[in-house]
Amino acid sequence: MFILANLFYALAVVLRIVINFFEISIIISAIFSFISFNYHHPIRQFFDSVSEIIERPIRRYINLTFGMFDFTPFAAILLLILLDNFVVASLFDLARVLR
């Protein structure tokens, strides 16, 4: 059973790293949208494309644009926090129980 516990633990760690990467990418993309950073710059395009992976499905189902403000990044970060606290924590707990 320890092999299965190690697998769940490793999956939880990798998933937490991916979630943190998406959270940081969304924050950086939102900061770039507030400042006058060149839209065609490769760094901005990278962070915008990474954050769009999470934000596009949210925009498709829920309109969170009010005037000139888009609250989709905020909703995306909340969704990622929910996934981290539910899925990742559950995987860590499952790994601990199986040991």
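The largest pocket in this predicted model holds about 390 Å³ of space. A pocket here is an open set of points on a 1 Å grid over the protein atoms alone, with protein on both sides within 12 Å along at least five of seven lines; lining residues have an atom within 4 Å of a point. Grid points are joined across faces, edges and corners, and the volume is the space filled by probe spheres set on the points. The lining runs to 18 residues, with Ala30, Ser33, Arg59, Asp70 and Pro73 nearest the centre. At least two lining residues come from each of α1, α2, β2 (69–70) and α3, and α2 gives the largest share, 6 residues. Helices (H or I, at least four residues) and strands (E, at least two) are DSSP runs, numbered from the N terminus.

As for the ground rules, residues are numbered from 1 along each chain as its sequence is written. Local features need pLDDT of at least 70 and side-chain atom pairs count only at pLDDT 80 or more, while totals for chains, interfaces and linings use all residues; side-chain values use heavy atoms, leaving out hydrogens and water.

Helix α1 (residues 2–34) has its end C-alpha atoms 48 Å apart, which agrees with the 48 Å that its 33 residues should span at 1.5 Å a residue. That expected span is 1.5 Å times one less than the number of residues. Its buried residues (under 20% relative accessible area, 1.4 Å probe, protein chains only) include Phe8, Ile19, Phe22 and Ile26, and the buried set packs against α2 (42–61) and α3 (72–98). Ser25, also in α1, is buried too, at a relative accessible area of 1%. Beyond its neighbours within four places in sequence, Ser25 is in contact (heavy atoms within 4.5 Å) with Phe47, Val50 and Ser51.

Helix α2 has 20 residues and reaches 29 Å from first C-alpha to last, close to the expected 28 Å. A kink of about 50° sits at Ile53, shortly before Pro57; the bend is the angle between axes fitted to the seven residues ending there and the seven starting there. Among the buried residues of α2 are Phe47, Val50, Ser51 and Ile54, and its buried residues pack against α1 and α3.

Definitions and conventions
Buried < 20%, exposed > 50% of the residue type's maximum accessible area, 1.4 Å probe, protein only. 1 Å grid on protein atoms, 1.4 Å probe; cavity = no way out; pocket = protein on both sides within 12 Å on 5 of 7 lines; lining within 4 Å.
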